[in-house]
Amino acid sequence: MNIRGIVDKMKTPFEKGQKLEKLYPAFNAFETFLFVPNHTSKTGAHIRDAIDLKRVMITVIIALLPALFYGIYNTGYQYLYQTGESFTTIDAILHGSYKIVPMIAVSYIVGLGIEFAFAVFRGHQVNEGYLVTGLLIPMIMPVDIPLWMVGVSVAFAVLIGKEAFGGTGMNILNPALTARAFAFFAYPTYMSGNQVWVSEASNVDGVSGETILGILAAGNSPDQYSIFDMFIGSIPGSIAETSTLMVLIGAFILIYTGVGSWRIMFGSIIGAALTGMLFNLWGANELMSFNWFNQLIVGGFAFGIVFMATDPVSAAQTLKGKWIYGILVGVFCILIRVFNPAYPEGVMLAILLMNVFAPTIDHYVIESSVKRREKRFHSKLKTV
Amino acid sequence: MSEDIRIKKGLSINIKGVADKELKKVPLPKQLALILDDFHLVIPKLILREGDNVKRGQTIFYSKTNERIKFVSPASGIIEKIERGERRKILKIVIKTNKDDSSIKHEIPSFDKLSSSTAIDILLDSGCWPFIKQRPFDIIANPELLPKSIFISCFDSAPLGVDFEFILKDQIDSFKHGLEVLKKITPNNLNIGLSKNQEFLHSQLSKFEKNTFSGPHPSGNVGVQIHHLDPISQGESVWVLRPEDVCIIGNLFKNGEYKPTRTVAVSGPPVKNPKYYKTILGTKLSSILTDIKFDNDEEFRIINGDVLSGKKVKNSGFIGYYNNNISILREGNNYKLFGWIPFVNNNVPSIYRSSFSWLTSSKPKDYDTNLNGEERALVVTGEMEKFFPMDIYPMQLIKECMTGNIEKMERLGIYEVAPEDFGLIDYASSSKIEAQSIVRDGLDYLIKETL
């Protein structure tokens with residue numbers, strides 16, 4: 001018997017009128033994971049593109065993998081380097097995996113559990129969006145965050161950030177950033193300061209967990225890190241955001257396949273670069289005079305604009321709006337970095353802020369089209 | 001004043017099996033039919049019964065909402081069957097043809113004396129009126145409300161589109177006469193849309209106002225052409241006709257009889273010898289399909305119209321009223337193991353580069369009817385705008401159609417669109433939504449609430 005035969009046999013108890021009918025969405029998720037269904041177009045266009053949400057989401061995950069793998073390596077590297085022991089790349093990867101794989105597992109188990117429960121409860125199909133969110137959440141957490149905190153943040157993000165608004169496609173805020181913001185505001189001692197950014201930094205003496213932006217905010221200059229370090233990513237930070245190079249590979253995949261919005265990415269770079277240059281001219285403190293180009297490659301900026309700001313649901317939804325949204329994300333990111341003394345990373349708050357304003361941007365973009373139409377209508381009335 | 005307009009947004013889909021420019025004349029079919037589903041929202045009032053003799057051009061039924069709109073028989077014969085569905089709703093009227101070809105003669109005044117209102121009366125009386133559709137709403141035109149302009153798109157940019165130049169070549173005089181008649185109704189606003197390479201039509205129609213369009217599909221959609229030349233506001237109407245129907249009108253005003261010829265291209269990937277067939281309106285499909293060779297015995301889908309906005313029809317069915325093509329596709333009712341993983345299933349074409357199909361994007365490809373996924377919430381935003389060359393935000397309009405908010409639908413431009421304009425959105429949507437039926441329902445709701 002082939003696989004299809006086995007699946008068809010398993011499907012029987014989940015079909016309409018059968019015992020497990022209610023659990024059909026859950027079964028459907030597994031079935032469609034194995035097979036693209038045999039559904040044919042009924043109404044509307046008779047031919048359909050090969051793209052579907054599963055393919056979109058998997059493309060994003062593929063784009064995330066370079067940053068994830070580098071993040072795993074860098075977690076081990078930062079820890080072992082600062083302890084001063086001699087180590088190999090394998091040691092670094094092993095230490096990183098030991099820290100990060102459980103976080104990913106917790107994120108998927110908790111998040112998908114809630115998604116499946118809602119799908120069964122509401123009787124709709126399981127949406128694929130969480131496949132990306134579930135990987136993003138551990139990737140943007142500090143490495144030493146306790147697993148239970150990951151679980152609580154995930155639950156908050158999925159329940160309050162997404163399902164409360166009606167589920168996938170309806171949420172206002174990016175769920176992954178909601179999880180991080182929740183952890184950040186609910187457990188500030190774990191999420192800020194200079195002890196959490198390198199594995200075991202709070203337990204092992206001699207390990208400093210400070211990020212470059214943290215050093216800058218404290219009024220010092222991060223001389224121990226070269227621009228090359230910042231670009232490659234061998235610096236402390238949230239798990240997978242440190243390597244601009246790996247993020248750029250991901251960005252290339254997203255733009256090349258057409259899945260990610262290049263408008264938002266370029267808009268953000270333009271916004272941040274211009275704001276950075278302006279502050280360079282001002283130069284009142286270390287953060288202001290920090291070279292604008294370096295602003296683009298340190299911290300979560302690159303990761304944020306490539307993987308977070310481009311979330312199509314919470315970003316501006318019109319093509320023109322995406323430009324405006326992107327530019328403003330860049331501007332606010334640098335503004336928050338420079339003017340927020342408590343927490344020097346701005347990209348999370350900048351994106352969340354613009355998520356809230358995205359519908360307003362869209363409103364004005366669409367309204368301009370509506371105005372053109374109304375003007376045409378009224379000018380005709382006059383001539384009549 | 002003729003304009004040259006370049007459409008930038010859109011997508012030309014290249015499908016295997018475009019019809020060769022070879023015309024085969026089909027002898028008078030034994031059966032033909034009028035399908036009521038083709039006349040959207042028309043409630044028929046029958047004049048003839050089953051078993052009655054009918055002449056070519058004789059009224060079979062008229063529209064209950066406007067008794068002047070008559071629907072006539074495309075050929076002489078006997079009304080064989082009036083097929084009814086639920087609640088006795090008439091589905092189709094089948095006519096068994098006979099050879100005597102008797103027809104109704106119409107008095108046509110000399111062309112110089114022809115006024116706008118007599119032209120309209122003759123069009124209504126002869127049964128040519130249903131060829132004229134109106135925007136907004138994409139329904140048969142209301143003869144009581146004169147249009148601000150008439151639009152005829154003479155090229156088809158849809159996948160497997162027909163070559164109207166080829167269809168019009170041997171009836172160009174009727175076409176020109178038809179255009180002259182329409183000019184009586186809107187003297188200054190008869191817009192003919194041509195594509196750049198239609199040299200024959202450009203030279204033949206030198207007397208008329210022509211606009212040239214270039215760019216990907218939907219540049220040939222009449223709705224897109226109206227939007228760029230003379231956009232519709234609330235309270236206005238524009239009439240649209242298909243080129244071959246203009247020939248039928250031209251022939252009527254020349255010879256005084258209704259003679260609905262229909263040239264259809266039968267095309268699609270499984271068709272071995274795709275070509276054009278000249279027959280009459282409503283012909284039974286089997287009289288053409290027997291001539292067509294398929295490359296194997298799989299299950300096929302036959303479509304009245306193009307693959308984006310046509311209607312599915314059984315092979316025992318009839319040619320639709322408003323189409324010049326019969327598209328045939330392989331049914332895609334098969335499972336694909338792990339088919340959603342990027343770069344698996346590279347034979348399924350994609351506008352995204354998540355499969356290797358883009359490497360051979362210039363080559364015509366084989367498409368089937370598989371949805372390639374399941375319906376989902378709208379997640380990927382901005383994708384609809386890329387295929388919608390109008391100053392309208394399609395996703396927002398679709399959402400308002402779903403919620404039935406009339407005020408917002410009007411503000412977002414519902415009067416300018418027809419379901420067929422959303423064909424590419426259906427095709428490209430990663431959420432597999434049915435944009436065309438949502439827009440159709442939205443338009444119907446608007447008609448119900450406002451007219």
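In strand E8 of chain B, B:Gly77 is the bridge partner of B:Val54. The model is predicted: local features need pLDDT of at least 70, side-chain atom pairs count only at pLDDT 80 or more, and totals for chains, interfaces and linings use all residues. Residues are numbered from 1 along each chain as its sequence is written, while chains are lettered from A and ligands numbered from 1 in the order in which they are written.

**Strands and sheet**

- Chain B contains 11 helices and 21 strands, taken as DSSP runs numbered from the N terminus (helices H or I, at least four residues; strands E, at least two).
- E5(B) is joined by 2 bridges to strand E8 (residues 77-84) of chain B, and the two run antiparallel.
- An open sheet of 4 strands in chain B has the order E3-E9-E8-E5, with antiparallel pairing; two strands pair if DSSP finds at least two bridges between them.
- Strand E3 (31-35) and strand E5 (53-54) of chain B are the edge strands, each pairing on one side only.

**Domains of chain B**

- The domain assignment, which is automatic or from a database, gives domain 1 (4-255) and domain 2 (385-450) in chain B.
- The C-alpha centres of domain 1 and domain 2 of chain B lie 24 Å apart.
- In domain 1 of chain B, 20 residues are in contact with 16 residues of domain 2 of chain B; a contact requires C-beta atoms, placed from the backbone, to lie within 7 Å.
- Helix H5 (residues 222-229) of chain B gives the most to the side of domain 1 that touches domain 2, with 3 residues.

**Helix H11**

- Helix H11 (residues 435-450) of chain B has 16 residues and should span 22 Å at 1.5 Å a residue, which agrees with the 22 Å between its end C-alpha atoms; the expected span is 1.5 Å times one less than the number of residues.
- Buried residues in H11(B) include B:Ala435, B:Ile438, B:Val439 and B:Leu443; buried denotes 20 or more other C-beta atoms within 10 Å of a residue's own, with C-beta atoms placed from the backbone.
- Helix H8 (394-403), helix H9 (406-411) and helix H10 (423-428) of chain B are among the elements that cover these buried residues.

**Chain B as a whole**

- Of the 451 residues of chain B, 51% count as buried.
- The C-alpha atoms of chain B fill a box of roughly 65 × 50 × 50 Å along the principal axes.
- Among contacts in chain B with a separation of 6 or more, 68% come from residues 24 or more positions apart.

Key:
Two residues are in contact if their C-beta atoms, placed from the backbone, lie within 7 Å. A residue is buried if 20 or more other C-beta atoms lie within 10 Å of its own, exposed if 12 or fewer, and partly exposed in between; C-beta atoms are placed from the backbone.
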